[in-house]
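A plain account in a few paragraphs will do.

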Amino acid sequence: MQQRVMERELSELRDKLMATNRSLGLASSNIASQEATISTLRNDLRGHDERCQKMQTDMQHFLESLAVCLTSADGYVQSTECGVKDAVKKLVHELGNKNTLHQESKDRIINLTDKIERLQIDQDRMATENRVLADEKRNLEARLNHTESELNVCEMTKEHLRNDKTIFVTFLDKLSRAMHMDQIAKDVGVDLHTESLLLRAEQLAKLEYDKNIDKLLLGYPTYSPPLS
């Protein structure tokens, strides 16, 4: 009886041992799988660390390049994230101010363009008026030249008339002396003097005519009718 109990317990222990061996095999397989996974993760972590290191190196080079680009005569930019951020903020602020100035300059350019267009219109109008004035000036100069020519002709005519008057007055003086009227010529003007000479000439002509008539009458005998 006791032997059967021991055999049954031994059988149970054998079953438990087999189950434990199976569990141990499964655990060993799981451990091996986990170790492989851990190895893979370690490799991935190592690659990730290398990539992170490379990214940090690239980031540092990028920051250094940005710092060089952002460095100006106004100040040196440190090749750190904070330094680059501050420089970028300053640059953005300056660009904002420049955009404002650009807009103001653009408005001024628009105003100046409008003024230039108005000045161009005024200049074209003045050019047209100048052309009209130039044409009028040429016409006036032509008229002036024509008038000056006529004036010269008038001056020449006046000079000729003055010479003719001198000759005529000289003739009147001689005629006055011949007619014994030189005293009258001194007292009156040329027109009255001329009229006086004409009247005197008419008188002399009439006297000469009467004298000739008298001579004719004296040259012929007077007819007397016979006495009855």
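**Fold, pocket and surface patch**

Read from the N terminus, the elements of the chain follow the order α-α-α-α. This is a predicted model, and its chain contains four helices and zero strands.

Next comes the largest pocket. The space in this pocket amounts to about 200 Å³. Ten residues line the pocket, and those lying nearest its centre are Leu70, Ser72, Ala87, Lys90 and Glu94. Which helix supplies the largest share of the lining? That share, four residues, comes from helix α2, which covers residues 81-178. By residue type, the lining of the largest pocket consists of five nonpolar, three charged and two polar residues.

The surface also carries a nonpolar patch, formed by Tyr209, Ile213, Leu216 and Leu217. Together these four side chains belong to residues with about 420 Å² of accessible area. Where does Tyr209 sit in the chain? Tyr209 is part of helix α4, which spans residues 190-219. Is Tyr209 buried or exposed? Tyr209 has a relative accessibility of 54%, and the cut-off for exposed is over 50%, so Tyr209 counts as exposed.

How values were computed
Residues numbered from 1 in each chain as written. Predicted model: local features only at pLDDT ≥ 70, side-chain atom pairs only at ≥ 80, totals over all residues. Heavy atoms only, no water. 1 Å grid on protein atoms, 1.4 Å probe; cavity = no way out; pocket = protein on both sides within 12 Å on 5 of 7 lines; lining within 4 Å. Points joined across faces, edges and corners; volume = space filled by probe spheres on them. Helix = DSSP H or I, 4+ residues; strand = E, 2+ residues; numbered from the N terminus. Nonpolar A, V, L, I, M, F, W, Y, C, P; charged D, E, K, R; others polar. Patch = residues over 30% accessible without salt bridge, like charges linked within 9 Å, V, L, I, M, F, W, Y side chains within 5 Å. Areas by Shrake-Rupley, 256 points an atom, 1.4 Å probe, with all protein chains shown as cover. Buried < 20%, exposed > 50% of the residue type's maximum accessible area, 1.4 Å probe, protein only.
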